[in-house]
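Open your viewer and load the model. We will go from the whole chain down to single side chains.

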Amino acid sequence: MPEPFLRMPSLADTTVLSNFAQIQRTDLLRAAYPDLSAPMQVWTELNLGIRRGLVPVCDWSWLKILDLTEREHARAAEIGRALGPGEAACIAAAVSRGFFMLSDDWAARELGRSLGLEVSGTLGVLDRLVLQQILGLEEADALLAEMVRRGFRSPYSSLREIPR
């Protein structure tokens, strides 16, 4: 990932937030992206998962929750025909505000890239933590394995497999 994108304000969708919640390590998201935000639609989805017992309760007090502008709401409604409300809100806000986007939803990532967004996901966060020497590779792989055990559908079983 090019260096300038490491310093851009960042948005996450529910999939990435949920993966780190599943392993009770939201602190790692905060370490990798201290300025991380999520649209209110993502926050609503995450809280629904918590209420249904699908996502563990975690400390999200540091996460910035964004309200979409009227224009972003309109764009999200248009995008939402093909994606869920959280992904659509992330894309609309990221495009409008020039943010970096974190998502594991393939269709959201593809659409985001087609609109000029820089996009990463859970694997990219883990990789960034290794590059920043916050985690060792073995620890990152162990966390990835735990995420997979808890439902993350990763295309890789180790960060070593990611093409560079």
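How many positive and negative side chains does the protein have, and how far apart do the centres of the two sets lie? There are 18 positive and 21 negative side chains. The two centres lie 2 Å apart. Keep in mind throughout that this is a predicted model.

**Stop 1: the whole chain**

Switch to a cartoon view. Look for nine helices and five strands. Start at the N terminus and trace the order: α-β-α-α-β-α-β-α-α-β-α-β-α-α. The radius of gyration is 15 Å, close to the 15 Å that the globule rule gives for 164 residues, so the protein is as compact as a globular protein of that length. Now turn the model along its principal axes. The C-alpha trace spans about 45 × 35 × 25 Å.

**Stop 2: surface and interior**

Show the surface. The accessible surface comes to about 8,300 Å². Carbon and sulfur atoms account for 53% of that surface. Next, hide the surface and look inside. Of the 164 residues, 48% are buried. Then think about contacts between residues at least 6 apart in sequence: 65% of them join residues at least 24 apart.

**Stop 3: serine 37**

Select serine 37. You are in strand S2, which covers residues 37-39. Is serine 37 buried or exposed? Serine 37 has a relative accessible area of 4%, and the cut-off for buried is under 20%, so this residue counts as buried. Now show what surrounds serine 37. Leaving aside neighbours within four places in sequence, its contacts are Ser10, Leu11, Ala12, Leu63, Lys64, Leu66 and Phe99.

**Stop 4: the aromatic pairs**

The structure holds two aromatic pairs. Select tyrosine 33 and phenylalanine 100 and show their rings. The ring centres are 5.9 Å apart and the planes meet at 15°. Planes under 30 degrees apart count as stacked, so this pair is stacked. Tyrosine 33 is buried, at 1% relative accessibility. Phenylalanine 100 is buried too, with a relative accessible area of 1%.

Now select tryptophan 60 and tryptophan 62. How does this aromatic pair lie, and what is the angle between the planes? The pair is tilted, with 35° between the planes. Centre to centre, the distance is 5.9 Å. Both tryptophan 60 and tryptophan 62 are buried.

How values were computed: Residues are numbered from 1 along each chain as its sequence is written. This is a predicted model: local features need pLDDT of at least 70, side-chain atom pairs count only at pLDDT 80 or more; totals for chains, interfaces and linings use all residues. Side-chain values use heavy atoms; hydrogens and water are left out. Helices (H or I, at least four residues) and strands (E, at least two) are DSSP runs, numbered from the N terminus. Buried means under 20% relative accessible area, exposed over 50%, partly exposed in between (1.4 Å probe, protein chains only). Contact means heavy atoms within 4.5 Å. The radius of gyration is taken over C-alpha atoms; the globule rule is 2.2 Å times the number of residues to the power 0.38. Accessible areas come from the Shrake-Rupley method with a 1.4 Å probe; for residues, only the protein chains shown count as cover. Lys and Arg count as positive and Asp and Glu as negative; His and the chain ends are not counted. The place of a charge is taken as NZ of Lys, CZ of Arg, CG of Asp or CD of Glu. Rings of Phe, Tyr and Trp (its six-membered ring) pair if their centres lie within 6.5 Å; planes under 30 degrees apart count as stacked, over 60 as edge-to-face and the rest as tilted.
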